[in-house]
Amino acid sequence: MLKIFAAVVAALLLLPVQAVAEPRAGFHAGPVFPTFGDIATVESELPIPEGTVFRVIFNVTDKATPGQFNRAIDSAARFINMHVEAGVPLADIHVAVVVHGGAAADLLTQEVYAARNDGAVNGSAPTIAALAAHGVDIWLCGQTAVAYQMTKADLLPEVKLSLSAMTAFALLQQQGYTLIP
């Protein structure tokens, strides 16, 4: 028990360092999520019409390297950052992240994640918390949860369970969401 506690404390001490990465060359911090979801300013030839409302779904299947954050989940932050910078009001951007397959591991609480990943830090946890705080829905496929022996108690508090990823995609698309492959 003491080993797990020490691993959790060590992991939490590392979170701020991992959450604040330098943007890649040509990219900069965004207006909504300044510590992740870095973006590039582009003179687009495809204008975004005034009054555009985005409803998008990100499909996340691949697990991040233990201790790192999931780049596919980070894409949701990039989408929000780049469109707010381009002038779309944050209130007109609705994002859902549907997770299934191995990426389900990135939705685990630190304690469960560390136990399943040799004490590693769940580098996706800060991103997930910040996305959810800005209204992004994080959905985990219930079929995946059962396959990977995950209970609701094992998941970060921001994560919601759906019957399946297929169900989430179908229902969200019926609500006008577009799947970003």
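I began with Q110, which I found in helix α3. The model is a predicted one, and I kept that in mind for each entry. Is Q110 buried or exposed? I noted a relative accessibility of 13% for Q110, so the residue counts as buried, the cut-off for buried being under 20%. I then looked up where its side chain goes. The side chain of Q110 reaches the backbone oxygen of A120, at 3.1 Å.

Next I looked up backbone angles. D118 has a phi near 50°, a positive value, and D118 is not a glycine. I placed D118 in the loop between α3 and α4. Its relative accessible area is 83%, so I wrote D118 down as exposed.

I made a like entry for Q149. Where does Q149 lie? I found Q149 in the loop between α5 (142–147) and β4 (159–162). Q149 is not a glycine, yet its phi is positive, at about 55°. With a relative accessibility of 64%, Q149 counts as exposed, since exposed means over 50%.

How many residues does the largest nonpolar core have? I noted 37 residues for this core, and those with the most contacts inside it are F33, I80, V95, V97, L107, L131 and L140. I listed the elements that give two or more residues to this core: the strands β1 (54–60), β2 (93–99) and β3 (137–141), and the helices α2, α3 (110–116) and α4 (125–133). The largest share comes from α2, with five residues.

My last entries are on open space. I looked up the largest pocket and noted a volume of about 420 Å³. Its lining has 18 residues, and S44, I48, M82, H83 and A86 lie nearest the centre of the pocket. Which helix gives the most to this lining? I found that α2 (residues 71–85) does, with four residues. I sorted the lining by residue type and got eleven nonpolar, four polar and three charged residues.

Terms used: Residues numbered from 1 in each chain as written. Predicted model: local features only at pLDDT ≥ 70, side-chain atom pairs only at ≥ 80, totals over all residues. Heavy atoms only, no water. 1 Å grid on protein atoms, 1.4 Å probe; cavity = no way out; pocket = protein on both sides within 12 Å on 5 of 7 lines; lining within 4 Å. Points joined across faces, edges and corners; volume = space filled by probe spheres on them. Nonpolar A, V, L, I, M, F, W, Y, C, P; charged D, E, K, R; others polar. Core = buried A, V, L, I, M, F, W, Y, C linked by side-chain atoms within 4.5 Å. Buried < 20%, exposed > 50% of the residue type's maximum accessible area, 1.4 Å probe, protein only. Polar contact = N/O pair within 3.5 Å; in protein donor to acceptor, adjacent residues only side chain to side chain.
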